[in-house]
Protein chains: 2
Amino acid sequence: MNIALKDYISIFIHQTDLKITGCVKERLAPFNLAPEQNLIMMLLWERDGRNQQELSEQLEKDKTNITRMLSSLEQKGFVKRVIETYDRRSTRVFLTEEGKALECDVIPLTDEFHRTVTSGVTEEELAIVRRVLSKMRENIK
Amino acid sequence: MNIALKDYISIFIHQTDLKITGCVKERLAPFNLAPEQNLIMMLLWERDGRNQQELSEQLEKDKTNITRMLSSLEQKGFVKRVIETYDRRSTRVFLTEEGKALECDVIPLTDEFHRTVTSGVTEEELAIVRRVLSKMRENIK
DNA sequence: TATACTTAGTTGCTACAGCAACTATTAAAT
DNA sequence: ATTTAATAGTTGCTGTAGCAACTAAGTATA
């Protein structure tokens, strides 16, 4: 092979992402939350009553994913969907009491995970990583 | 929100990975190859006759993924599976003529994509990104 | 040799991920 | 006012991704 697989930075990023997501999944499992479901919850803990459109934009995800993740979260009893009165196409997503209660357990966990992941990495290095990844996104836009 | 979603480097990496993979998917679509299927093909172009165990290790993927991706590649006519005579549990994976023929189209494409992604990024920056991502993997091992 | 352990691969399950096509509803244009 | 556009969300499809449990086959041990 002219270029080894690991030399493709895209593959390196991809595999790193998988490891990280796998670890997050493990840590969230006790709370019956999947990683991406947790991102929705984080947005709702900040402010609930958002519609799916907004969640889709904030998470840069296809709206179909949002639909399905919310169905799961609703089934678990963490959120409820309410049809918007003034525009019946739109649904607003609210936290249940159970969903609200998760925050105090999960936020410390994600913050602690962030510290674990970045331990031994300087602020400068982290800034460079952010800048380079942003540049890469620009490059393929 | 105390920490915005984008401030979690894990999420930033994840979203970057999704953008990159999405772009790779588009570019490979004309060749009827999905991104991860292409990784298998790259290993086979280098040397075919590998067994699924080896592909699994090289790609750091669960063996179930390998099984399913190979089924798809086999159905497309790019590879064929042959049961190993000396150990009938093992199957060796070989390229078909059609599979071999893809190489000369796809390798230049992936190399060009790599150049596109990394354009405007210095070798030093790239080295830092690799080092930091490796460190992160270590941190959660 | 018979039993237990190990290994290679498959199948079933859940969770993303995004495209295409669909319904329902609202807004805009003629 | 009626037709047309656009918008919000859902469903069906294919492709990852990994765990658990399984079959089949080979190895080790009593």
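**Pockets and the DNA surface**

Modeller: α6 (123-139) of chain A and α1 of chain B each supply at least two residues of the lining of the largest pocket. Helices here are DSSP runs (H or I, at least four residues), and strands are E runs of at least two, numbered from the N terminus. This is a predicted model, where local features need pLDDT of at least 70 and side-chain atom pairs count only at pLDDT 80 or more, while totals for chains, interfaces and linings use all residues. Residues are numbered from 1 along each chain as its sequence is written, chains are lettered from A and ligands numbered from 1 in the order in which they are written, and side-chain values use heavy atoms, with hydrogens and water left out.

Biologist: How is a pocket defined, and which element gives the most to the lining of the largest pocket?

Modeller: On a 1 Å grid over the protein atoms alone, a pocket is an open set of points where a 1.4 Å probe fits, with protein on both sides within 12 Å along at least five of seven lines; lining residues have an atom within 4 Å of a point. Here α1(B) gives the most, with six residues. The lining includes A:R137, A:K141, B:L18 and B:C23.

Biologist: What is the volume of the second largest pocket?

Modeller: A volume is the space filled by probe spheres set on the grid points, which are joined across faces, edges and corners. For the second largest pocket that is about 170 Å³, and for the largest about 210 Å³. Among the residues lining the second largest pocket are A:N51, A:K63 and A:R89.

Biologist: Which residues come nearest to DNA strand C?

Modeller: A residue is near a strand if one of its heavy atoms lies within 4 Å of it. Of the 27 residues around DNA strand C, A:Q37, A:K61, B:H14, B:T64 and B:T67 come nearest.
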